[in-house]
2 protein chains.
Amino acid sequence: MIADSLVKKFKAIVGDDNAWTDATDLHTYSYDAAVVDPVQPGLIVRPTTTEALGRAVRLCNDNGLPLTVRGAGTNLSGGTVPLPGGVVIATNGMKSILEINEADMYAVVQPGVVTAKLAAAVEARGLFYPPDPGSQAVSTIGGNVAENAGGLRGLKYGVTRDYVMGVSFFDVDGNLVKSGSRTVKCATGYNLTGLMVGSEGTLGVFAEIILKLIPLPAHRKAMMAVFESLEKASETVAAIIAERIVPATLEFLDNFTIRAVEDFSKAGLPRDAAAMLLVELDGHAAQVEEDADRVEALCRSMGATSIRVARDAAERDRVWAARRAALSALAQLKPTLVLEDATVPRSRIPDMVAAIGRIAKRYDLTIGTFGHAGDGNLHPTILTDKRNHDEWERVEKAIDDIFDEALAMGGTLSGEHGTGLAKSRYLEKETSAGTILFSSRIKRAMDPNNILNPGKIIAAKA
Amino acid sequence: MIADSLVKKFKAIVGDDNAWTDATDLHTYSYDAAVVDPVQPGLIVRPTTTEALGRAVRLCNDNGLPLTVRGAGTNLSGGTVPLPGGVVIATNGMKSILEINEADMYAVVQPGVVTAKLAAAVEARGLFYPPDPGSQAVSTIGGNVAENAGGLRGLKYGVTRDYVMGVSFFDVDGNLVKSGSRTVKCATGYNLTGLMVGSEGTLGVFAEIILKLIPLPAHRKAMMAVFESLEKASETVAAIIAERIVPATLEFLDNFTIRAVEDFSKAGLPRDAAAMLLVELDGHAAQVEEDADRVEALCRSMGATSIRVARDAAERDRVWAARRAALSALAQLKPTLVLEDATVPRSRIPDMVAAIGRIAKRYDLTIGTFGHAGDGNLHPTILTDKRNHDEWERVEKAIDDIFDEALAMGGTLSGEHGTGLAKSRYLEKETSAGTILFSSRIKRAMDPNNILNPGKIIAAKA
């Protein structure tokens with residue numbers, strides 16, 4: 001679909017080995033982790049230098065070629081599904097950690113650096129990069145920033161946005177834009193860093209990212225509390241928050257999710273529990289011990305049938321690895337997995353868990369629920385088969401109802417999975433017509449030819 | 001300057017009592033805390049409802065009237081200096097705290113709420129709003145957000161940006177735009193909240209602001225360490241950071257500032273000290289005590305001549321009140337006070353303190369230095385008289401040199417005072433031509449008639 005002469009120009013920029021038009025490659029880059037129809041791009045390019053990246057962006061713009069940047073493609077809202085015959089820029093040719101500054105506690109990375117690799121590299125120096133999206137083993141920092149990825153530690157540590165001190169990126173013409181700083185404070189110019197975080201590749205293409213690091217917590221303690229009812233577990237979440245305890249993670253799993261995870265990972269989870277909470281506390285030893293005692297007492301008083309404290313790091317890591325496998329475990333059960341991301345103020349978790357139960361009954365669907373209960377971010381997970389048209393219609397209605405419930409509770413459509421293609425049509429429901437207009441104006445001004453990942457965030461006009 | 005018929009239209013929106021054209025009022029709103037020439041506006045309006053605010057913005061746009069929004073006017077970069085004959089919207093008619101949600105730890109406020117008033121209101125409920133700009137006793141949340149205000153606690157707690165969960169604001173046409181959420185996580189739509197923080201009234205006008213709150217730290221401990229040389233004090237800052245201790249505040253004052261503050265506030269500061277550090281630790285009692293011991297030991301080993309731990313809250317508060325009075329104290333000494341804001345990665349504090357000393361000598365100027373050393377944010381303070389043209393030329397050269405030194409150390413022009421009028425011409429020096437272009441495009445797209453606080457951040461074209 002892209003003329004050979006144009007492909008040659010891309011090859012001249014990135015090298016012959018880094019521009020691919022084979023059918024297999026095009027297919028590989030046609031989808032991401034969202035339930036969105038695949039779309040075949042026309043060309044994959046893999047720049048290995050900042051300069052080549054900028055030139056590739058410009059060449060796309062000069063030729064009106066739609067351009068989608070892709071890290072690991074783990075995003076769950078269709079943000080990395082390309083346009084038909086468009087260009088995909090793969091960032092895995094730019095995966096250097098350029099600097100880890102221990103004294104000033106920041107890192108400078110290229111966009112293709114894998115999240116877990118960065119986390120391990122800074123941990124080896126006694127530092128901590130807290131954002132830990134479920135896909136961190138393969139996801140990239142560039143993708144995390146483009147999607148404002150969350151994770152298990154949002155409650156205490158925030159999300160990716162809270163750790164991006166600065167970015168440099170190419171605008172659609174290939175000009176290098178810099179924003180933010182290596183300093184903790186920076187009030188110079190517009191906060192373009194803030195605008196770019198979560199912009200899903202629609203406003204520019206990241207070249208470098210400066211990330212804030214913090215000291216590694218001195219102590220950690222993890223525990224698992226088992227409940228005989230969903231209500232008791234979700235009310236315990238609210239009770240812990242109400243006590244002003246701030247765990248590093250506070251995860252909720254219902255029976256459906258527990259079984260799927262246990263069958264998949266054999267980590268020793270209680271298959272018969274109606275629900276469980278996974279809690280990790282970190283910080284100063286005295287604080288951790290006190291908080292752990294308080295959490296344990298709260299769980300007991302709220303009716304936990306058993307509480308198990310991880311004896312050592314190995315046991316702790318095994319349980320967290322199992323939890324992180326939840327998506328993979330659930331995905332094996334049915335052909336289509338819809339992982340929703342509706343989020344409510346955290347005190348409303350019991351109400352939201354109850355609402356999801358009602359919605360599942362209303363539409364006769366299987367909805368497993370797990371997620372980051374401590375920050376109000378649940379993942380109701382609908383297992384279905386998109387080819388079953390009747391059921392799929394009910395799934396779509398259930399999703400609408402889940403969004404309506406979350407918004408009615410003062411929540412949001414998307415806690416951490418972004419807007420992408422999957423949620424763009426719902427955007428006005430949460431915000432306002434003025435928001436869509438304002439956002440569209442920004443998009444048009446920064447990308448007049450509409451080549452930067454078109455259709456994401458702002459729905460394409462019919 | 002504004003036709004009577006038009007003033008009547010504003011009065012119809014905000015009420016007769018809330019639109020002022022008296023010379024005294026116009027003069028009162030002609031300046032802010034920056035060393036920038038005053039500019040007389042043509043009209044002050046003071047909306048008392050959200051609806052009136054939106055209509056006033058629209059009326060300005062419909063009539064091509066430049067519009068500057070003003071909270072307390074405490075900003076130090078000229079961001080609230082109006083345009084000749086323009087409109088000033090005073091936000092002190094919209095100063096309600098709309099909600100403090102204890103369970104979900106957020107507050108919703110109108111832009112005119114005074115920072116210290118909000119801080120006290122949430123503290124009364126065991127919660128904490130950390131951003132504490134020096135002017136917090138009078139500054140407003142709207143102004144803090146528009147300027148991305150910092151403060152003494154940036155090192156541990158970040159700045160205003162880190163606490164803004166969501167905003168609603170009027171675009172230039174008076175449409176209401178909403179962004180962000182009451183939830184800890186929100187990845188819905190563009191991060192317009194991020195873009196609006198620090199945008200200095202150039203892209204829209206805030207109607208409501210959602211702020212993140214955190215649990216109030218259980219314990220606090222403050223201490224004062226006195227040094228016989230600037231070098232020893234600044235090297236102690238770097239040593240504390242290198243030990244991965246994260247104080248809530250870590251303030252540096254040189255002898256010049258100490259004397260000015262002590263003369264002004266009689267708080268018992270050591271007038272003969274070459275420099276001093278004010279340190280406050282907060283958190284769990286065990287952590288605070290351990291860190292306090294480590295800080296004390298470090299100060300001693302680095303050569304502190306005396307260390308005094310505040311015996312009680314009264315003593316602690318007295319010292320902090322004195323520190324907060326530094327700007328007022330210094331301002332009394334000479335007709336013109338230039339408070340700079342250059343910021344460096346925190347390990348470079350000793351280099352920056354030394355550089356400021358060299359610059360003061362080079363241009364034969366009095367430069368007092370104090371500031372938030374723990375986050376690299378120093379305030380070199382030049383005492384001068386702008387009417388002395390010869391000296392003022394040297395002051396301008398000194399400022400240029402301070403910026404150059406900060407940038408050479410990987411720092412920034414402005415840690416927390418914003419860009420405004422005072423620094424817009426330096427912006428490209430820190431960023432890039434691409435940054436100016438990108439920023440200008442955003443500004444033009446969101447404000448085609450250029451009525452929203454024109455000339456701030458992006459310098460007016462000659």
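D132(A) and R324(A) form a salt bridge, with their closest N and O atoms 2.8 Å apart, where a salt bridge is a side-chain nitrogen of Lys or Arg within 4 Å of a carboxyl oxygen of Asp or Glu. This is a predicted model, in which local features need pLDDT of at least 70 and side-chain atom pairs count only at pLDDT 80 or more, whereas totals for chains, interfaces and linings use all residues. Residues are numbered from 1 along each chain as its sequence is written, chains are lettered from A and ligands numbered from 1 in the order in which they are written, and side-chain values use heavy atoms, with hydrogens and water left out.

## Domains 2 and 3 of chain A

Chain A is divided into domain 1 (4–90), domain 2 (97–215) and domain 3 (219–408), the bounds coming from an automatic or database domain assignment. The centres of domain 2 and domain 3 of chain A, taken over C-alpha atoms, are 27 Å apart, and the contact (heavy atoms within 4.5 Å) takes 12 residues from domain 2 and 16 residues from domain 3 of chain A.

Between them these two domains of chain A bury about 1,200 Å², 50% of it on carbon and sulfur atoms; buried area is the accessible area (1.4 Å probe) that two parts lose on being put together, summed over both. Of the area that domain 2 of chain A buries against domain 3 of chain A, 62% is supplied by L152(A), L155(A) and K156(A), more than by any other three residues. The count of salt bridges between domain 2 and domain 3 of chain A is 2.

## How the two chains are related

Chain B is superposed on chain A by a rotation of 180° with 0.0 Å of shift along its axis (RMSD 0.0 Å), using least squares on the C-alpha atoms of residues with pLDDT of at least 70 in both copies. The two copies are thus related as by a two-fold rotation axis. Among the residues of chain B, G194(B) comes closest to the rotation axis, with its C-alpha at 2.1 Å.

## The interface between the chains

In this interface 84 residues of chain B are in contact with 84 residues of chain A, and 100% of the interface residues of chain B are also interface residues in chain A, so the copies meet through the same surface. The area buried between chain B and chain A is about 6,900 Å², of which carbon and sulfur atoms give 58%.

The count of salt bridges between chain B and chain A is 10. R441(A) forms a salt bridge with D173(B), the closest N and O atoms being 2.9 Å apart.
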